[in-house]
Amino acid sequence: MYGATAGGKRGKDLSSVDLTAPELQAKPISLNKLETLTRFSRKELQAIYQGFKRVCPTGYANKNTFISVYQSFFPGRSSSGYAQLCFRVFDKEHSGELTFEQFARSLSQITRGSEMEKIDWIFDLYDLNGDGYITRSEVREVATAIFDLLRPKSENDRESTAIDERVDKMIETYDVDKDGRISKEEFVNVSSKDPQFIFNLNVFGTQL
């Protein structure tokens, strides 16, 4: 995403960027600090930053920019819905904009994080209103966005039956106490004991 991948072509050190340039409104955090806050190397951070700066010269990525970049990775697919869900999780301060620090830290969590960190991120993806629980309607909204992302636009039928089946299965599996919603504790306990879920975590970051 943002035209640079971890381990890509070496970019310019952040310390050498002209922070007084009028087009750069958000001052980037120092590389040394970012190395402690993420699991990326200095070289990887330089490459990722160059891609971020190229797309977001002001130093901020708003939702529309984020969606546009995401759509470029999934041509012919309806990726807007899923991109909006991802942006909400990246934008932890709910400001409507992402700084490079926020972007790098979230990217590190989902690509280099521990199993528990990735599980936390996925829970936040489903917990749309941030109340600490996942409801049936939230599962359906995320499932619909995923189906739209994976199906070509030419296939207009969302296969609502398949979506409903996915929602029913997730609620049945994760709602252990059968109160109609999935708590963070339930989600973590079930996910961490599911071999297929853990396997999927290993490829989740590369698909995001």
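This is a predicted model: local features need pLDDT of at least 70, side-chain atom pairs count only at pLDDT 80 or more; totals for chains, interfaces and linings use all residues.
Which residues does Ser191 touch, not counting residues up to four places away in sequence? Residues are numbered from 1 along each chain as its sequence is written, and side-chain values use heavy atoms, with hydrogens and water left out.

**Figure 1. The chain and its elements.** Let us begin with the overall layout. The chain holds 10 helices and 4 strands; helices (H or I, at least four residues) and strands (E, at least two) are DSSP runs, numbered from the N terminus. Starting at the N terminus, their order is α-α-β-α-α-β-α-α-β-α-α-β-α-α. The chain has 208 residues, and 43% of them count as buried. Here, buried means under 20% relative accessible area, exposed means over 50%, and partly exposed lies in between (1.4 Å probe, protein chains only). Among contacts in the chain with a separation of 6 or more, 63% come from residues 24 or more positions apart; a contact means heavy atoms within 4.5 Å.

**Figure 2. The largest nonpolar core.** This core has 53 residues, and Tyr82 and Phe187 have the most contacts inside it. It draws at least three residues from each of domain 1 (29–113) and domain 2 (115–203). A nonpolar core is a set of buried Ala, Val, Leu, Ile, Met, Phe, Trp, Tyr and Cys residues joined through side-chain atoms within 4.5 Å. The domain bounds come from an automatic or database domain assignment.

**Figure 3. Aromatic rings, and the pair Tyr174 and Phe187.** A search of the whole structure turns up 13 aromatic pairs. Rings of Phe, Tyr and Trp (its six-membered ring) pair if their centres lie within 6.5 Å; planes under 30 degrees apart count as stacked, over 60 as edge-to-face and the rest as tilted. The rings of Tyr174 and Phe187 are stacked, because their centres are 5.2 Å apart and their planes stand at 25 degrees. Tyr174 belongs to helix H8 (residues 160–174) and Phe187 to helix H9 (residues 184–192), so the pair ties together parts that are 13 residues apart in sequence. Tyr174 is buried at 8% relative accessibility, and Phe187 is buried too, at 1%. One aromatic cluster includes Tyr49, Phe52, Tyr82 and Trp121.

**Figure 4. Ser191 and its contacts.** Here is the reply to the opening question: Ser191 touches Ile119, Tyr174, Phe197 and Ile198, leaving aside residues up to four places away in sequence. Ser191 sits in helix H9. With a relative accessibility of 0%, Ser191 counts as buried.

**Figure 5. Thr173 in helix H8.** Thr173 is found in helix H8 and is partly exposed, at 39% relative accessibility. The side chain of Thr173 reaches the backbone oxygen of Lys169 at 2.8 Å. This is a polar contact, a pair of N or O atoms within 3.5 Å; within protein, one must be able to donate a hydrogen and the other to accept it, and residues adjacent in sequence count only if both atoms are side-chain atoms. Thr173 and Phe187 are 14 residues apart along the chain, with 9.3 Å between their C-alpha atoms.

Figure 6. Arg181 lies over the face of Tyr133, 3.5 Å from the ring centre. A charge sits over a ring if NZ of Lys or CZ of Arg is within 6 Å of the ring centre and within 35 degrees of the ring normal. Thr135 lies in strand E3 (residues 133–135) and is partly exposed, with a relative accessible area of 24%. Between the C-alpha atoms of Thr135 and Ile171 there are 8.3 Å, although 36 residues separate the two in sequence.

**Figure 7. Two loop residues with positive phi.** His94 is a residue other than glycine, yet its phi is positive, near 55 degrees. His94 is in the loop between helix H4 (80–90) and strand E2 (97–99), and is exposed at 61% relative accessible area. Lys178, also not a glycine, has a positive phi of about 55 degrees. Lys178 is in the loop between H8 and strand E4 (181–183) and counts as exposed, at 53% relative accessibility.
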